[in-house]
Amino acid sequence: MEGLAKFPPRPTGAGDMFQLFRDGAPRTRASLVSETGQSRSTVAARIDALRSVGLLVPAGEASSTGGRPPSTFAFDPRSRIVLGVDLGATHARIAVTDLAGEPLTHLDEPLAIADGPEHVLSWVAEAGDKLVAQAGRHRDELAGIGIGLPGPVDHTTGRPVNPPIMPGWDGTDVPAELHRRLGAPVMVDNDVNIMALGEHRTIAPDVDDLLFVKVATGIGAGVIMDGHLRRGAQGAAGDLGHVTVPGAGDIPCRCGNTGCLEAVAGGAALVEQLRRAGATVATTADIVALVRSGDVAAGQAVRQAGRDVGTVLAASVSLLNPSRIVIGGILAGAGEHLMAGIREVVYQRSLPLATQHLRITPSGAGAQAGVVGAAVLVIEQYLAPASVESLINAKEDS
Ligand SMILES: [Zn+2]
């Protein structure tokens, strides 16, 4: 046993013990004693503390080999609610979830982000209030609000930074503005990061190293490594749209550079390319419809876009060695063409060891990914050991 002393001590607080319950399985006092190595009285006190803040509830009795069966306890995800908000360029999706990220009610509406923060955030607050009531809950029960924006966000402040398609939003204190309207803590991230979180949570919780790639009008990626979302130093990690595609030449990009992936393979680039070839298309959605109708030129254009995305992704595969790449965004809806182009190049350009167990799949969470991911952003914070400890301390002080 002496050798064990070299390892860090086992975590001991109620917040740490609560983490065991997050797998959803009910536990008895005796099983917690053996899982944590703590005394029966300590475990009993921790359970009482967690019950006092509503996070644990009695979950019936375990089977017994004789005598009185022991009581079990389980995480109660319904004890609080979360508002998840996913704002796109022209649509908004908003959902009330429980603390497991399970949507209770949701709402989808057209909303132009270009209408500016005052209009959009007021809409979010009103719609949020309405949904909370619809779920039969109260605003006081909100653990927090998670919101995804279609542009770069400084993760430490929650403020958008020079967002290209969000006029009037640069530097807006989104957390303060929403907190003023709804009275709950607010967390902000970019739309691709929340989609990555949502996909990870709902479809691939066991996949620790995952890249989520959104291919739409813009192109970007959310990076999950070792089970956690990685944002980099300033929150700009995963911005694949402005990596140069070899051989793309001097096609100008809205960022000021030339030959960027987005300028070559993004929705706007494809619309322009197909228009020149004589097709009647105005939006990325038109391209998807055209491909689905069997148009050969549109199918080829999307497949080539897939190859260009694949070229940039092959470099990411060498750098990060993910075991799963998930392709989402509206262009992913254009059938197999995009996926085929991506797979073709990634498997060809990466070393066998990196692709041996690599799966490249379309998004499985679909439209829900964003709102669920926005809620997960809040939940991870709210249920972290330190936050659970402060909930308990606040309860004991009151
Ligand atoms: Zn660019």
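A nonpolar core is a set of buried Ala, Val, Leu, Ile, Met, Phe, Trp, Tyr and Cys residues joined through side-chain atoms within 4.5 Å. The views below show a predicted model.

**View A. The largest nonpolar core.** This core has 40 residues. L313, I325 and I327 are the residues with the most contacts inside it. At least two core residues come from each of the helices α7, α8 (267-276), α9 (284-292), α10 and α11 (336-349). The strands β11 (210-215), β12 (219-225) and β14 (324-328) each supply at least two as well. Helix α10 gives the largest share, eight residues.

**View B. Helix α10, residues 296-320.** The helix has 25 residues, which at 1.5 Å a residue should span 36 Å. At V312, α10 bends by about 25°. At the start of the helix, a side-chain oxygen of D295 comes to within 3.2 Å of the backbone nitrogen of A297. After the helix comes N321, which has a positive phi, near 50°.

**View C. The zinc site.** Four residues coordinate the zinc ion: H242 through ND1, and C253, C255 and C260 through SG. Angles among the four donor atoms are 103 to 122°, and the site is tetrahedral. For comparison, ideal angles for four tetrahedral donors at a metal are 109.5 degrees. Along the chain, the donors follow the spacing H-x10-C-x1-C-x4-C. H242 and C260 are 18 residues apart, and both lie in the loop between β13 (228-230) and α7 (261-265).

View D. C260 has 1% relative accessibility, so C260 counts as buried.

View E. D189 is located in strand β10, residues 186-190. The relative accessible area of D189 is 3%, so this residue is buried, the cut-off being under 20%. Which side chain does the side chain of D189 contact? The polar contact is with the side chain of R231, at 2.7 Å.

Technical notes: Residues numbered from 1 in each chain as written. Predicted model: local features only at pLDDT ≥ 70, side-chain atom pairs only at ≥ 80, totals over all residues. Heavy atoms only, no water. Donors = N, O, S within 2.8 Å, 3.2 Å for Na, K, Ca; no water. Tetrahedral: all angles 85-135°; square planar, octahedral: opposite > 155°, others 65-115°. Helix = DSSP H or I, 4+ residues; strand = E, 2+ residues; numbered from the N terminus. Buried < 20%, exposed > 50% of the residue type's maximum accessible area, 1.4 Å probe, protein only. Expected span 1.5 Å × (residues − 1). Bend = angle between axes of the 7 residues up to and from the residue. Polar contact = N/O pair within 3.5 Å; in protein donor to acceptor, adjacent residues only side chain to side chain.
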